[in-house]
Amino acid sequence: MLSASLRFADLFELQVRERRLLVDGQPAQLGSRALDVLIALAHRAGELVSKNELIDLAWPGVVVEENNLQVQVSALRKVLGGDIISTIPGRGYRFIADVHDVPRTAQAPHEPPPQAPLALRTNLPSGLPRLLGRDEDLAGLGGVIEHHRLVTIVGAGGMGKTRLAQALLHARQSAYPHGVCWVELAPLTDAAALPGAIAAALGIRLGSGDAPLEGLAAALAPLTMLLALDNAEHLLDATAQLARTLHAAAPRLSLVVTSQAPLKLPAEQVYRLDALSTPARPLPATEAIGFGAIALFVERARAADVRFALTDANAPAVIELCRALDGLALAIELAAARAPVLGVQRLAASLDERLRLLTASRNRDAPERQQTLRAALEWSHGFLEERERTVFRRLAVIAGSASLELIQQVAADAPGDGSSHRELDEWAVLDAVTVLVERSLLVCVVSDEADSPPRYRLLDSPKVFARELLARSGEEERVRDRHARAVAALCETLHAQRLNGEIGVDAWGERARADLDNAREALIRSEALGDTDAALAIIAMLLFALPRTLHAERNALCDRFDALDGGDHGPLWLQASLGVAMQYLNSVHNPRAEAHMRRMLEAARAQVDAPDGRFNLYRALAMSLTMPPIGRDADADELCALEDPAWPPQRLHYGLLGLMLNRADPQEQLRLGHRIVANCEAGGDANPIYLANLADAQLLAGDPEGAVRTGLALLAQLQPGRDEYSLAYARLNTAAAYLALGDTQAFRPLAQQGWPLAAQADLQRYWCEYLSLLAALEGRPRAAARLAGHVETGTAGLLRFGENEALAGTRAQQLAREALGDAEFERLKAEGARLRSADIGALAFALTDAA
């Protein structure tokens, strides 16, 4: 077979002179048209070539059907193998073999890239299609949101609520200092997960408190932005409670909700979205195109075939069709995808017939929108070949979106899975996916990242329909089992990529989070099947990929991990146990943490000679060092002996962090702090918390000026941004450095910004130490004594109390005691122990020392 490498210059000579291709030195049995296609693709190696472009290159000046192109590509794959040409369903083809003799442009050495401005996450799809027939709605909605901070777009399913809201956000991205953000609620089934899911979409952290909604409200309180919550009808009560809380707590937050029913809140403004406008009678093409439904149909029909045009001859049939579909955007798009194949007249006639039949056989008590959408979906499904129908219904098990590779594993028949024969292979699934994308039943989702492959998802209404078909097919259990196995294998692959340094930490997180919904579904299935290995692989991936804001879900995963523990502590158990250990450290006073750490360390020691056993013991020791009852100096020495300098940064990170938290010498902590920051940069990890830790280490090592510089650089990186969790640490450590320099004027504004949000990061006790010292330095010893008393009521049970904070607290108490005398100091300190957190701000930032 031909290797995945071609010399383009030789190939070009063959085209011009001999019109033949050699494979392993022998002439290939390949037609001239297939060779033209190969040369056209090889000439643009690595580039995505659309179908229309490729047809023009291989058949210049000739009108041909698209299936001719598929035939030629299939012929090429039979001769050259499947790893030469890649198909991107719905988009085109790419030549993926290496092509020699193409000059490459070298990058300029030693030139650091310019620092990009902070990009605020929007979660909006890239390349939004034009919003057709909704100009007045977009303008009207914009006017409402200018004067009201809570707006709900209400309409039937398939009406176009989502597209209208997305267009609003896209148009207003630069109108708010903290930008806009899109949050899809459809995948959520648990109302308790709503605050955490929104925080994850925003890219902010809530800390580890028990009141996630209050934490979200506190995080959004200082922000000026536009937030959209899409598809809220299945979580209506929880969304209403959340909207009420956010509206009250965040005075500069504007909230847009899409739902089939209003939230029924006093502050809510309801914007009802009607069907797209359709002419009441036949009109000429020039007049008909002014109606929203007709404009949408024509746009989507032209996307399916650029040769489609609205004419006076076909305009009446288009009007009839759009009226039969009740102006519903989804149904119109499904119909338009078929127009180039059937012709508008036949399309309208077929749809009219089918709608009457299906409505007559339906429950007449069902809502009209369900009857119309079902009719459109069943009509569209009826035109699919059996291959596409099979893939369509099997796609119902995909949660959210999926890569083409995962879809092929789930939808293709596999030996030994109960199928009588392997009729659908990976290539047949690829062809079916291409058809489904073209028919608007499957959506191609393209990431903003240039290197990210496209993903595919069923629209919501077609997915409901596909689930019904799958349930009736008799193969649902088999397909769900395939999905669970494929996702578990994907999770193992992702875990290996993360630890082997194949991908940076942040890039890995983005890749893994794309399949969170699939992982959740697969975990449920694996547990039901009793497949412990698959469940452990999925739990390991989820605990590393889930945002910290989803605290309740992460804790639930730890419970599910414990339920799987049958005594076999193999490599997969160790993978998952590390994620569990990290979650325990982020859970305040978790009684299971110490027992789990000891069990993990024991299992790692028992498998030290197994493949990767040395590293498993290394990271287990690192985690034990973060918990003083377990970690000892001897463990730190053993960890250093296990470390392999050739390991990628992703592996070294565990040991460095464990050592930094274990070392008592401030200079050694500072050295490790610098090394952790450098290691994170090398490993593609931009987590700002490590710069905050570095500032803390600089202060402890006696370099407050360096701590100020680090803190200010971190604050500049995070502002303006939404990550109030990281900002809380940045403000704390920067303010502490200013206070160590005696600069109370610089300390005050940072403290006044940081204190109101300290609770969400569980930093109140740390701030109180510095606030007590501020009062003492400003000549307010009574306030300093009271604040010192309040600190001691909240420090019991801490795994680790900050050394800088402890030093500041000791100094504050010393100054206050000297100013007041022992008896008065102790009286006021006892009085401070009875203070509430709500009293601290007024006491700490007062300008006089009241009695």
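## Cavities, strands and loops of a predicted model

Q: How do the residues lining the second largest cavity divide into nonpolar, polar and charged?
A: This is a predicted model, and a cavity here is a set of points on a 1 Å grid over the protein atoms alone where a 1.4 Å probe fits but cannot get out, with lining residues having an atom within 4 Å of a point. For the classes, Ala, Val, Leu, Ile, Met, Phe, Trp, Tyr, Cys and Pro count as nonpolar, Asp, Glu, Lys and Arg as charged, and the others, Gly among them, as polar. On that basis the lining of the second largest cavity holds 3 nonpolar, 4 polar and 2 charged residues.

Q: At which pLDDT do side-chain atom pairs count?
A: Residues are numbered from 1 along each chain as its sequence is written, and side-chain values use heavy atoms, with hydrogens and water left out. Local features need pLDDT of at least 70, totals for chains, interfaces and linings use all residues, and side-chain atom pairs count only at pLDDT 80 or more.

Q: Which elements give two or more residues to the lining of the second largest cavity?
A: The residues around this space are Lys51, Thr87, Ile88, Pro89, Gly90, Arg91, Gly92, Tyr93 and Thr434. Strands (E, at least two residues) and helices (H or I, at least four) are DSSP runs, numbered from the N terminus. The elements with two or more residues in this lining are strand 5 (85-88) and strand 6 (92-95).

Q: What volume does the largest cavity have?
A: The count comes to 2 cavities of 30 Å³ or more. A volume is the space filled by probe spheres set on the grid points, which are joined across faces, edges and corners. The second largest cavity has about 40 Å³, and the largest cavity has about 50 Å³.

Q: Which strand gives the most to the lining of the largest cavity?
A: The largest cavity is lined by Leu395, Ile398, Gly400, Ile407, Leu442, Tyr456, Arg457, Leu458 and Lys463. This lining divides into 6 nonpolar, 1 polar and 2 charged residues. With 3 residues, the element that gives the most is strand 15 (residues 455-458).

Q: Which residue in strand 15 is the bridge partner of Leu442?
A: Strand 14 and strand 15 run antiparallel and are joined by 4 bridges. Leu442 is among the residues that line the largest cavity, and its partner is in that lining too. In strand 15, this bridge partner is Leu458.

Q: How many residues of strand 8 are buried?
A: Buried means under 20% relative accessible area, exposed over 50%, and partly exposed in between (1.4 Å probe, protein chains only). In a regular strand the side chains alternate between the two faces of the sheet. Leu150, Thr152 and Val154 point one way from strand 8, while Val151 and Ile153 point the other way. Strand 8 (residues 150-154) is mostly covered, and its buried residues number 5 of 5.

Q: Is Lys264 buried or exposed?
A: Lys264 lies in the loop between strand 11 and strand 12. Its phi is near 60°, a positive value in a residue other than glycine. At 72% relative accessibility, Lys264 counts as exposed.

Q: What is the phi of Asn123?
A: Asn123 lies in the loop between strand 7 (98-100) and helix 5 (135-147). Asn123 is partly exposed, with a relative accessible area of 32%. Most residues other than glycine have a negative phi. Asn123 has a positive phi, near 65°.

Notes: 1 Å grid on protein atoms, 1.4 Å probe; cavity = no way out; pocket = protein on both sides within 12 Å on 5 of 7 lines; lining within 4 Å. Pairing = 2+ DSSP bridges.
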